Amino acid sequence: MRVLVVDDSKTMRNIVKGVLTGMGAAAIEEAGDGQDAMSRVDAFNPDLILLDWNMPVMDGISFVRAYRGRKKTTPIIMVTTEAEKTRVLEAIQAGVNNYAVKPFTPESLSKIIEATLAKAAPKAA
Amino acid sequence: MEVRHINAFLEATKAVFDTMIKAPVTFEKPQIAKGRANYDVSGVIGLSGDVVGSVIVGFSTESATKIASAFACSPLQPGTPDFADAIGELANMIAGGAKAKFEGQAVSIGCPSVVVAPAHQISSPSGSASICIFCNTSMGRFAIDVTMQSSVQKANTTNNGAAGVRAA
């Protein structure tokens, strides 16, 4: 599993990386904002993107719209403090596949990641 | 500021400590503050939208170091970028978690700022109400210091002072 972790907080990126490492992620790339993520995503070719909302330069929702605008289907999980229903709806309408609200336990984030990947996995013929 | 707002901050703080720091936190009685207390380390986040104001998560150097290190799962030292980042993210989660519970009010939070200076004080605009909630953990005591008012109320305020940081 190759995962791109996008958050302007290095602390949060390290916490998320810890969860992913525990899940056996093969490769983890980091980005500090949406624009940084956009510059890395093609070369890294992730299986999953974990994305914060509130970031400088380019926020998470802008990244999702731009990324999906390029017809990219990589699963995206928004990992954010934005917990209002209107925000969740906005993110889903923009194209995120799942949503994790900070703060979270490692166990809850792992379950969200597993569920997202299971849903996104190609079905057997 | 209403009781539900205070409860929102208490719940948000407890959620952060329960899930990510895994340490119990208890709360002292919220106090109405005429001015803000002095802190050695502050995580500051602005509120905007239907409610305007700011949230300070204020610490002594010792409690900030212990709590930030527990949050980051690695030892952090004051004055380093990683320390400021951890404090800022703590403030972000507490403010973000609280504002999500402000039912019927659309509120946005800004990116956190972190101030590290002995016994500094962050002042608030005159005429705004301030509530201080001291919190106790095994890693020390810290404060959730909230100044906020409805944006309608602020627009009607005739005396607008400027907020600022003052060294002790």
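User: Which residues of α1(A) and α3(B) meet each other?
Analyst: On the α1(A) side they are K10(A), T11(A) and M12(A), and on the α3(B) side D82(B), D85(B), A86(B) and E89(B). Keep in mind that this is a predicted model.

User: What kinds of residues are in that contact, by class?
Analyst: The contact of α1(A) with α3(B) has 4 charged, 2 nonpolar and 1 polar residue.

User: How many residues does each chain bring to the whole contact?
Analyst: Chain A gives 15 residues and chain B gives 17. The side of chain A that touches chain B splits into 5 nonpolar, 6 polar and 4 charged residues.

User: OK, switching to chain A by itself. What's the order of elements?
Analyst: Starting at the N terminus, chain A goes β-α-β-α-β-α-β-α-β-α. That comes to 5 helices and 5 strands.

User: How does the radius of gyration of chain A sit against the globule rule?
Analyst: The radius is 13 Å, close to the 14 Å the rule gives for 125 residues, so chain A is as compact as a globular protein of that length. Its C-alpha atoms fill a box of roughly 35 × 30 × 30 Å along the principal axes, and 42% of its 125 residues count as buried.

User: What about the sheet, what's the strand order?
Analyst: β2-β1-β3-β4-β5 in chain A, an open sheet of 5 strands with parallel pairing. β2 (27-31) and β5 (98-101) of chain A are at the edges with a single partner strand each, so one side of each has no neighbour in the sheet. On average, neighbouring strands are turned by 20 degrees against each other, direction ignored.

User: Let's do the pairings. How many bridges join β1(A) to β2(A)?
Analyst: 5 bridges, with the two strands running parallel. V3(A) stands opposite I28(A) in β2(A), and in β3(A) the bridge partner of V3(A) is L48(A). β1(A) and β3(A) pair in the parallel sense over 4 bridges.

User: And from β3(A) on to β4(A)?
Analyst: Those two pair in the parallel sense over 3 bridges, and L51(A) faces M78(A) in β4(A).

User: Is β3(A) covered on one face or both?
Analyst: Both faces are covered. L48(A) and L50(A) lie on one side, I49(A) and L51(A) on the other, and all four are buried.

User: Last one, back to helices. How do α3(A) and α4(A) cross?
Analyst: At roughly 20 degrees, with axes that come within 9 Å; α4 covers residues 85-94 of chain A. With angles under 35 degrees counting as roughly parallel, α3(A) and α4(A) are therefore roughly parallel to each other. I61(A), V64(A), R65(A) and R68(A) in α3(A) meet E90(A), A91(A) and A94(A) in α4(A). By class that contact has 4 nonpolar, no polar and 3 charged residues.

How values were computed. Residues numbered from 1 in each chain as written. Chains lettered and ligands numbered in written order. Predicted model: local features only at pLDDT ≥ 70, side-chain atom pairs only at ≥ 80, totals over all residues. Pairing = 2+ DSSP bridges. Axes fitted to C-alpha atoms, helices over the stretch in contact; angles between N-to-C directions. Contact = placed C-beta atoms within 7 Å. Nonpolar A, V, L, I, M, F, W, Y, C, P; charged D, E, K, R; others polar. Rg over C-alpha atoms; globule rule 2.2 N^0.38 Å. Buried ≥ 20, exposed ≤ 12 C-beta atoms within 10 Å, placed from the backbone. Parallel < 35°, antiparallel > 145°, perpendicular 65-115°, else oblique.
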